[in-house]
Amino acid sequence: CLLTPFAPPKMSRWNHVTDAPPDPILAVGVAFNADPAENKVNLGIGAYRDENGKPWVLSCIKQAEAQISADLNAGKINKEYLPMQGLQAFLDKTSEVILGKASPAIKEKRVAVVQSLSGTGALRLCAEFLAQYNPGVTVYVSDPTWGNHHAIFKKAGLNTKTYRYLTPNMGLDFAGMCADLEAAKEGDVFVFHTVAHNPTGVDPTQEQWKKLADITEAKKAVPVFDTAYQGYASGDLEKDAFSVRYFAHDRGMELMVTQSYSKNFGLYGERIGALNVVTKDPEAAIKIRGQLNMSTRAMISNPPLHGARLVAAVLSDPTLCGMWEKELKIMSDRIVTMRTSLIEALKANGCPTPSTVFADWSHITSQIGMFAYTGLQAKHVDLLASKFHIYCTKNGRFSMAGINPGNVKYIADAMKDVLATAGPSDS
């Protein structure tokens, strides 16, 4: 008899799965890469570029790589699994970076620290822990905030809510921020950007941080500090850690603080970071670390090795660490210079401000860190891409690392053109 050929089913059991929306930040890079234009500019990527628009591998990292390679070839180290909490040599140093070498919390063993998949992974571990041991809380994040904040906490089953952050002319809406946090329930979670707020670059002053500490303490809230730009923001690791250290040391608060070494070490693809939980009790820190390890085990089993080795090698060597701090200053200073250069180019070509609420373009230099919140709207952004091959996120956020002496005038002239063509932001 003849066998009937097998006919696969025409309908997948997964046909009910819907398309995922494109990531608003990563989609910028996709569009940029697909553009064949030679004069294209990427102002969307959150990664440092040198004055020639090229990625920069830090010299301290190159030397650490050579040291690790030599140790590997000599059989001094291997490629075995890390324990769930991560590389101990890394963990011994990372808390000191954010909390300080003289931190009483570290000395009294009140810090539960685990290695993570950069800052994103640290936030995910934080969210899992909060969902398990503080269920039902609302997580407050700034409006605007980094695009992944809501998704991370919601994936853990937590509800998010926003607090006001920005005024129309790109200043800090501190009164609105305080009012919204004061309206939170007791025990809710407050997510703060440690330094160089993403996407705005607008930070509270030290006096404002003290007021925020008052509110956090009064509401018995759980402060979570997201740290992506320490050292990169101002070029000073100590200065950039003020908010965390004030809450932890001056006010003696329990808190959670994430760390990413993507920007300040240029280790974007190594996915190296940490989650620190500062407690009032060493025994609580031990238990918390154990529970964080269990979450790591369930999600990724154990963290990756190489990035942790690189950071540990630099932080453990005074020469390499000094080199790193100098290179941090180079990156920070270049960003500051490009902010000034962009404003000068906008003044030179007579570019109008984004809307009537701006007296001038000084908000670009008053902001700090990798990004500038320009005040441009989606209609301007679309024209920048279609007419000038300049790509940024729809909210008008520029990655200042994408600006260099060779393209700053081109960008400024394009900004003038799109504002004239599409009209001001408040039209």
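Q: What share of contacts between residues at least 6 apart in sequence join residues at least 24 apart?
A: In the protein, 75% of such contacts do, a contact being heavy atoms within 4.5 Å.

Q: What kind of model is this, and how are residues numbered?
A: The model is predicted: local features need pLDDT of at least 70, side-chain atom pairs count only at pLDDT 80 or more, and totals for chains, interfaces and linings use all residues. Residues are numbered from 1 along each chain as its sequence is written, and side-chain values use heavy atoms, with hydrogens and water left out.

Q: How many salt bridges are there?
A: The count is 13, where a salt bridge is a side-chain nitrogen of Lys or Arg within 4 Å of a carboxyl oxygen of Asp or Glu.

Q: Which residue pairs with Asp180, and where do the two lie?
A: Asp180 forms a salt bridge with Arg164, with the closest N and O atoms 3.0 Å apart. The pair links distant parts of the chain, 16 residues apart: Asp180 is in helix 7 (residues 174–182) and Arg164 in strand 4 (residues 159–164). Helices (H or I, at least four residues) and strands (E, at least two) are DSSP runs, numbered from the N terminus.

Q: Is Asp180 buried or exposed?
A: Asp180 is buried, at 17% relative accessibility, whereas Arg164 is partly exposed at 41%. Buried means under 20% relative accessible area, exposed over 50%, and partly exposed in between (1.4 Å probe, protein chains only).

Q: What about Asp413 and Lys409?
A: They form a salt bridge, with the closest N and O atoms 2.8 Å apart. Being four residues apart in helix 17 (residues 408–422), Asp413 and Lys409 are separated by about one helical turn.
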